[in-house]
Amino acid sequence: MAKREEIRQKENIREKANFKNMQLNREELMHADIASLSHELTYRRYLMNYGQARLFFQKITVPEYLALHFMNEAAQEEASGRTYLQDIANQMQRPVRQISRVVKALRDRGLLTWSHDGDGSAGTYVTITDAGLQMLQEEETVLKNYYSQVIEHYGRDNFVQLLQLMRQLESVMEEELADMGGRHEIDENEDTSGMDEPNEINGAAGTNEIDRTAGIDGRNGIDAAAGAQGGEDDDADE
């Protein structure tokens, strides 16, 4: 308990310092050149994607969580409970070949099943299992516990406005990428290790300081990290 309280105090001090820095930096950013603004956006996205958020995914990766989430949403809308690989790829804006690797890792751990319509020409579909649903609910509980505190401090209106602005920015960025043509098209055969590799839970100092026990049993290790990164099967039919 003493250790947890010490961590909270450090976080409060950091939050106050960050808020002060935001006030000081706003004027600087308003007069910054494009290169500086580009760097700042890239840096902030890096911190969120590979710093803060990924600390909470210790049994599954962020792409695996998103895939399970989309599957569960589709299962609630479709009586069959099926979700096609192409639909997940569209949601995650990644090639089907890459999404199939994420899905294989989940299948190998018993978190989903997959099959084909007919002879397979109509596409591959997946169905979340009870174990997958339990895993998803555990991760959502962790995120809910964390973001409830974030929203309380940041403000719900600010949070909603931020999400709206992020959607607008993503839309503009996608349009610009499309206008730039094939130079930035995603290679379906590229290395996806940066997309779905498991977190190195014990490799970074401070990683295990995050309290994941609120509302769920403690779990600080990766049970099946070795087997989670794809099987030996061929890629799913597209």
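What follows is a conversation about a predicted model of one protein.

Visitor: How many helices and strands does the protein have, and what pattern does it follow along the sequence?
Guide: This is a predicted model, and in it the protein has eight helices and three strands, which follow the pattern α-α-α-β-α-α-β-β-α-α-α when read along the sequence.

Visitor: And what share of the residues is buried?
Guide: Of the 238 residues in the protein, 26% are buried. The protein exposes about 15800 Å², with carbon and sulfur atoms supplying 49% of that area.

Visitor: Switching topic, how many salt bridges does a search of the whole structure find?
Guide: The search finds three salt bridges. As background, side chains of opposite charge can pair when their charged atoms come close.

Visitor: Which residue does E40 pair with?
Guide: The side chain of E40 meets that of R44 in a salt bridge, at 2.8 Å from N to O. Both residues belong to helix 2 (residues 34-52), and because they are four residues apart there, about one helical turn separates them. E40 is partly exposed, at a relative accessible area of 23%, and R44 also counts as partly exposed, at 44% relative accessibility.

Visitor: Where does E64 find its partner, and what does that pair tie together?
Guide: E64 forms a salt bridge with R109, and the closest N and O atoms of the two are 4.0 Å apart. E64 lies in helix 3 (residues 62-77), whereas R109 sits in the loop between helix 5 (96-108) and strand 2 (112-116), so the pair ties together parts that are 45 residues apart in sequence.

Visitor: Is E64 buried or exposed?
Guide: E64 is buried, because its relative accessible area is 2%, and the cut-off for buried is under 20%.

Visitor: Which residues make the remaining salt bridge?
Guide: D108 and R107 do, their side chains meeting at 3.2 Å from N to O. D108 is partly exposed with a relative accessible area of 39%, and R107 counts as partly exposed at 21%.

Visitor: How does helix 4 pack against helix 5?
Guide: Helix 4 and helix 5 pack at an angle of about 105°, and their axes are 9 Å apart, which makes helix 4 roughly perpendicular to helix 5. From helix 4 the contact takes in L85, Q86, I88, A89 and M92, and from helix 5 it takes in V96, I99, S100 and V103. By class, this contact of helix 4 with helix 5 has seven nonpolar, two polar and no charged residues.

Visitor: Last one: what is Q93's phi, and where is Q93 found?
Guide: Q93 has a positive phi of about 55° although it is not a glycine, and it is found in the loop between helix 4 (85-92) and helix 5. For context, most residues other than glycine have a negative phi. Q93 is partly exposed, with a relative accessible area of 48%.

Methods
Residues numbered from 1 in each chain as written. Predicted model: local features only at pLDDT ≥ 70, side-chain atom pairs only at ≥ 80, totals over all residues. Heavy atoms only, no water. Helix = DSSP H or I, 4+ residues; strand = E, 2+ residues; numbered from the N terminus. Buried < 20%, exposed > 50% of the residue type's maximum accessible area, 1.4 Å probe, protein only. Areas by Shrake-Rupley, 256 points an atom, 1.4 Å probe, with all protein chains shown as cover. Axes fitted to C-alpha atoms, helices over the stretch in contact; angles between N-to-C directions. Parallel < 35°, antiparallel > 145°, perpendicular 65-115°, else oblique. Contact = heavy atoms within 4.5 Å. Nonpolar A, V, L, I, M, F, W, Y, C, P; charged D, E, K, R; others polar.
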